[in-house]
There are 2 protein chains.
Amino acid sequence: MPSYKAPLNDYRFILNDVLKIGGYANLPGFADISPDLIDAILEGAAQISEEVLQPLNYSGDQEGCTRHADGSVTTPKGFKAAYKTFIEGGWGALTSDPAYGGQGLPHTLGICTNEMLSAANMAFCMYPGLSHGAYSAIHAHGTDEQRRTYLPKIVEGSWTGTMNLTEPHCGTDLGLMRTRAEPQADGSYRITGTKIFISAGEHDLSENIIHLVLAKIAGPGTPEGIKGVSLFIVPKFLVNTDGSLGARNAVTCGAIEHKMGIHGNATCVLNYDGATGYLIGEAHKGMRAMFTMMNEARLGVAVQGLSQSEVAYQNAVAYAKERLQGRSLTGPKAPDKPADPIIVHPDIRRILMSIKAFNEGARMLMLWTALHGDLSHAAEDAKARELGDDIMGLLTPVLKGYFTDKGYANATEAQQVYGGHGYIAETGAEQFVRDARIAMIYEGANGVQALDLVGRKLAMNGGRAIFAWFALIDAFLTANDGNAELKPFLDGLRSARTQLEDGTTWLMNNGLANPDNAGAASMDYLYLFALTALAYAWAQMAQVALGKPPGDQGGFYANKLATGRFFLARMLPDAAAHLAKLKTGAAPLMALDADAF
Amino acid sequence: MPSYKAPLNDYRFILNDVLKIGGYANLPGFADISPDLIDAILEGAAQISEEVLQPLNYSGDQEGCTRHADGSVTTPKGFKAAYKTFIEGGWGALTSDPAYGGQGLPHTLGICTNEMLSAANMAFCMYPGLSHGAYSAIHAHGTDEQRRTYLPKIVEGSWTGTMNLTEPHCGTDLGLMRTRAEPQADGSYRITGTKIFISAGEHDLSENIIHLVLAKIAGPGTPEGIKGVSLFIVPKFLVNTDGSLGARNAVTCGAIEHKMGIHGNATCVLNYDGATGYLIGEAHKGMRAMFTMMNEARLGVAVQGLSQSEVAYQNAVAYAKERLQGRSLTGPKAPDKPADPIIVHPDIRRILMSIKAFNEGARMLMLWTALHGDLSHAAEDAKARELGDDIMGLLTPVLKGYFTDKGYANATEAQQVYGGHGYIAETGAEQFVRDARIAMIYEGANGVQALDLVGRKLAMNGGRAIFAWFALIDAFLTANDGNAELKPFLDGLRSARTQLEDGTTWLMNNGLANPDNAGAASMDYLYLFALTALAYAWAQMAQVALGKPPGDQGGFYANKLATGRFFLARMLPDAAAHLAKLKTGAAPLMALDADAF
């Protein structure tokens, strides 16, 4: 049976030693987060993850969710009790607004707890995860009354939320949407249509479910396409003025999708048959409301990629230490046993080191990015807020695309360590692969992330974000110039940065003349960007580790440096290949007629 | 629902135009294979694949196999009738020895039919596939009596076969095996032990199942470890001297494994409780018997990788042409429709072209290799037989490792084309991923293939095979020197060849001094080798296509060249990254103590 142990020392190292989060105590939300508070939160999240959620991961996958004839849905055995424990511990309210019962802590810290919870049980965590999406939408765009009505219940977890975008014929291109909203005399709307792929769409964990639904307002004033989409609140149970639950609304679960993975989460077809809904934000500005939440939601999916890579890694390591098969190429390492544990074999090491180097670099990069997200709201200086926003926006598609691709690839590599046993359900290795797969698809398929990066984020504000990015790297290189021990990391970073600049210049020179060049280069550019960002993350960690902070137990810093050196030797060389490919442009991709495929 | 269309024009092009298989008519087995016969066989295999096997692929996955309380196993609905059609068509006997009822055709042709059948229904094809493994073992190592007793029934398909190697505690390291064979007074053995992961181990398709079982003979004469393993025939029903079926043998299916995919194939735990078995080949030489079959079996698994890549590609193409979402970056391509089909988007093209370029290159390389396998037996000249054997041995781990890795990766990429719909079972896209996954694991996990390549195949006979490989490429480059149109392909091949030689030299210089260097480099070396081999395959196809053979319908040759150019631009650049990584040696991988993971 698989297990999970939260990487607490890694969080402590990144938060305290590298990001020096204590230095932001002057900012709202950061004031109280002493190393002790950080420890208490990390340890609490580790405990519920390891002891409550992880034991339900395999059973939840095997059992799945059950839809009954009346459209109600039962979650797997144990999920209801676990959800109670989860909300009683306040784990859904960590970063929420204190005005509505939240704890108001920085997202940087929330990212740590999210990684742990999701590593332990990704399908389970999507229930509160979607609630957080609904919370953010109502918090950012709702009226005071809407906030007062819905947010306290969502924050405490007695109500959950969903996001309803996709319809059978449209996902990425939401302008094709058919769900209609008929204005009513009382100012509400009657919502009619079918939404699919609705995560946590119906279940038995909470008293009410608040659906956030994109629809087009019926009538001549609605613009065509994507500009005519509005956002609505559609509660499963209508809410009386005193806050108690009223009539059952006309939204029902028509089916649960049969999916490759995340079986513990109910992915629903939701049928709206004249359901009562309430406009949130301005009419026809529904997509704008979505976009303000998108960076946060997409970083959340990036965390899922990392989380599955981490838990798959841990279990593969345990297997590699235990499984006896063959002898080391350099002579027996366990001569007293019938064979050596397979962790002695270099190709097993290659797999494990690749995943480890990704996990630790990605964790640093994720928290560094999240800190910029926090600073985009909390920093005192407008310039610092702008920088935070620019970096968060620029890196979001990079992290979503790369971390989820790697999450899946790494779960697959980890599965390979088990040999034939990895193909068998009981070891749990194949579940990590199936669960990780969805993160490459939802919240914008990774190809869409790549297009967001090259087509939107690079060009925004005259390229301000990408110039800021290069400036940050250059400042780091300059500040550490002459640090001989750090030199391999500086050289790797400098080389990657130069290649990224080369690729960026190529895009500027060729993407405008023929937009297909930008599209053709987009995914390789995203990978090149991600490798550069990891090189930056590793250089920052190496710089701290080389300073040998006091209290190195178990060789933590030496191991960190060795893992970083593996990244330089074995992962960073791909940057050049991505650059070479992207510069070949659109012609090789677009040469064939569609009929020739 | 997914579908499949056999790539008949591709086979015709490779067999007739590139390999010029008609030129081998002087060799046994090749005499009759005119273009007409090739067409008849290809079209027949296409028909059963498309019309009989493919329609059972999804339903077979959903239903799976059922084990009953008495240990009997029922295959999915429709499999039994399909198997009857299969054997009546003689599809299991195509390449078998005419002395036992086979048709004696070259394996090169058998590879084509195997790709089609496996693309249509991989789980189904493993039943006759395992039979062929048992056939080969008995044909190569059985006594005349054993051949006469078992082969006609296996060739006609009324009996099937299995291969029993793995035990719960040992797979790759078969020296740890515990299954025992007690010699009996009548010369037979009593076999006792448990074998796991036995594909097609028990089912309802055939009258009898002939298990080939590795076990250790009980007694003081049996050497320790791998040198003490013998091979036995253990029929499910004992066979009377008149060939009729006798008593039920003491081998039973204890369980069907719960697997990630290939649910239509019964992967069994087989319990041997003093079952009657017959030694095949020499005592204690069981592994040698296995090795003689290994190249063929491993190439068969490589074909599975290609097959899943092909069928996943075809279905993704159909979806990409049909699904309307967004507009082309260069302006609407279907202005009469609400959106353009997604095949207009460059990143969708990137995915489809990547898979197409692999499939067509891999198909050529596979058939070229299989032809060398045929020549290793059939060529008149001893030198040509030696070359065939060398090339077949050298390329087998390359194709098994690379084709199955790519089969899975490509099935995953194809799934991505569907967006959210790819994660839903009904589209069939996720089944291709789950089915393709096993091919990376069985018949020697791909890490073992890489070690076989660098640790065994490179060094055999003083490096004769790798020198022969370089000589073939050099001869091609020389013969085509000055062909201006072919130059990009020649340049790509020359560059890859130089890098492969560089990597080979590095291995020679560093692998002996520290064997961990060879292990650490092995997988990147295998990938570098595979890319070089694909560059060679593409150069050969391009050379023919540029010659514009008569009868180019639908721009077949022009499309072939465009696809080859995509390979050069977008896939071959990875060769340099693999070379850079492998030359970093073992140190970055082995730096950490096992405890540090």
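Predicted model: local features only at pLDDT ≥ 70, side-chain atom pairs only at ≥ 80, totals over all residues.
Residues are numbered from 1 along each chain as its sequence is written, and chains are lettered from A in the order in which they are written. Local features need pLDDT of at least 70, side-chain atom pairs count only at pLDDT 80 or more, totals for interfaces use all residues, and side-chain values use heavy atoms, without hydrogens and water.

Select chains A and B. A rotation of 180° with 0.0 Å of shift along its axis places chain B on chain A, at RMSD 0.0 Å (least squares on C-alpha atoms of residues with pLDDT of at least 70 in both). That is the relation of a two-fold axis. To find the axis, go to B:A577, the residue of chain B that comes closest, at 3.2 Å (C-alpha).

Next, show the interface. In contact (heavy atoms within 4.5 Å) are 91 residues of chain B and 91 residues of chain A. The buried area, meaning accessible area (1.4 Å probe) lost on being put together, summed over both parts, is about 7,500 Å², with 61% from carbon and sulfur atoms. Pick B:Y423, B:R570 and B:F597: in chain B they lose the most area to chain A, together 13% of what that side buries.

Stay on B:R570, whose salt bridge (Lys or Arg side-chain nitrogen within 4 Å of an Asp or Glu carboxyl oxygen) with A:D524 has its closest N and O atoms 3.0 Å apart. Between chain B and chain A the count is 4 salt bridges.

Among the contact residues are A:F358 of α9(A) and A:F566 of α16(A).

Conventions: Helix = DSSP H or I, 4+ residues; strand = E, 2+ residues; numbered from the N terminus. Buried area = accessible area lost by both parts, 1.4 Å probe.
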